[in-house]
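Trainee: I would like to go through the terms used for this model and see what each one rests on.

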Amino acid sequence: MTDRTSVLIVGSGPTGLTLACDLARRGIAVRIIEKSPRFPRSSRAKGPNSRSLEVFADLGIVDAVLAAGSEPPVMRKYRDGRPIADARPYAGSKPTPGAPYDRACLIAQWQLEEILRDRLAEYGVRVELGTEMAELTQDDGTGVTATLADGGLIEASYLVGCDGGHSTTRKLLGIPFEGRTAESPPAAEQAAAEQAAAARAAAEQPMVCGDVELTGPDRAYWHQWFDEDGGVMLCPIPGTPTGWWFQAAIEKDADGRLVEPSLDSFQRLFDRHARMPGVQLRDATALSTYRVNARMADRFRVGRTFLAGDAAHVHPIAGGLGMNSGIQDAFNLGWKLALVLAGQAGDGLLDTYEEERLPVAAWTLDITSGLLTTVMEATRKPGGGLDAVITPETTTLGLGYRWSSLSRERDGRTVHDAPLRAGDRAPDAPTPVRLFEVFAGPHFTLLGLGADTADALRRVASAAGGTVRAHAVPEEAEEARRMYGTGTGAGAGGVGGSLVLIRPDNHVAVTARADDARGVLDYLRDL
């Protein structure tokens, strides 16, 4: 029997679930399959960063995520079992009108996935467990056919592999998964050398990870015991009374061989570094050995099939960008698939997914490799810890697509006269309605800054139908006008206003003069 859908998603982690939610809310027929027979209860990734929280705000689940999670706790660093330093990496940070989520949210991955699945179920879509793709064939004119392990068939207009670092989708497509940085930004050779050096150093010190239950350590802290011969990290899992993330430098036996992760090994490591007699670890689950794996596919699209998240790129864990880059892949791809499937854009729009996200993945490989080196050096010194890798870059609020073919400036903007350029992330602001509330949903948003944009707003909204929401930014909304700025001939000391078209994924598509409604409409027609 053959089933049919518009988009088939393979893999039900945060990347696949984010994409499924985005497509389903746009009225796109979507199925999401998962080869595992049950949903995992492991904690794995520690939570969404600032930009991913903005994605979840757009999807309508950010309040649930924040309620289930917690702020990152104080990092307490130890040497020889004694506390010697506390780090509060977000102590000087606070929300701003443009960035309401100034820090990551700590939440177990299984809890985040539950929230995403609940949201997806509201659209009538559920993850199909125990459903494994074994083969795929595709025809550029008709679609993709996935052959399941049980012999069933699913036909789809498009297929997206969100099936992790060992992606079956990627392997079936024959896409190389090289341990190098492709399409790197400037200074690629130096970055690649740093990446290789970090990988070699980390490979000599693999880690063991898992979830454990224990009582004793204060849950107000993320405990980090670092000694010259290794270390242990314990982070409290929000929403649990005694659950902890456990990470440690791997144990070696008398012959120097690596010891497989186990409760007994975890206990020995804890006793050696934490030096808290009588504290017993219990119920160690999701045990794994982590080795640095920095790889990226050289293509994110083959015909009607796409790769997203770990299926397309895997990074060192320093900075916590792995899951977040996948969530943001999904948010970039979702609106493009929806427009094409609705007949509102040509298939070429889908090429911009790789155009935009592949360089971002290369950047992520570079920065996480550098952060890995940073944290390894930091922990060798008393008082050093994971706070060394919490930087403005890891919020990913600064990532954009200025180089993209989808980014157009028609008002003469330059880096010198406008804080915001085409391709940049669109910030929030009170107008007095929050701009994020205006942006939320499957539409483009056209902002009018200045009274002389009223006619253009009406013309675009009328011609574009329901695909564009027009929003006039009032004169008194000074914060919004400051952040969105204006181009040549407008702004401080100038005259006139400007138009700013925001994409459905909340990046600036077009900046134009106040009277350039035709330029905005031409852009939309070009899609």
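The turns below take up strand pairing, the hairpin, and the nonpolar cores.

Mentor: This is a predicted model, with local features needing pLDDT of at least 70, side-chain atom pairs counting only at pLDDT 80 or more, and totals for chains, interfaces and linings using all residues. Residues are numbered from 1 along each chain as its sequence is written, and side-chain values use heavy atoms, with hydrogens and water left out.

Trainee: What makes β3 and β4 a pair?

Mentor: Strands are DSSP runs of E, at least two residues long, numbered from the N terminus. Two of them pair if DSSP finds at least two bridges between them. Strand β3 (residues 74-79) and strand β4 (residues 82-87) have five bridges, in the antiparallel sense, so they meet the definition. Arg76 stands opposite Asp86 in β4.

Trainee: Which residue in their hairpin takes a positive phi?

Mentor: Asp80, near 55°; the hairpin has two residues between the strands.

Trainee: How do you know that β15 and β18 pair?

Mentor: Two bridges join β15 (residues 295-297) to β18, and at least two are required, so they pair. Met296 stands opposite His313 in β18.

Trainee: Why is a set of residues called a nonpolar core?

Mentor: Because its members are buried Ala, Val, Leu, Ile, Met, Phe, Trp, Tyr and Cys residues joined through side-chain atoms within 4.5 Å. Buried means under 20% relative accessible area (exposed is over 50%, partly exposed in between; 1.4 Å probe, protein chains only). The largest core has 90 residues, with Phe56 and Leu524 making the most contacts inside it. A second, separate core of 23 residues includes Trp110 and Trp245.

Terms used. Helix = DSSP H or I, 4+ residues; strand = E, 2+ residues; numbered from the N terminus.
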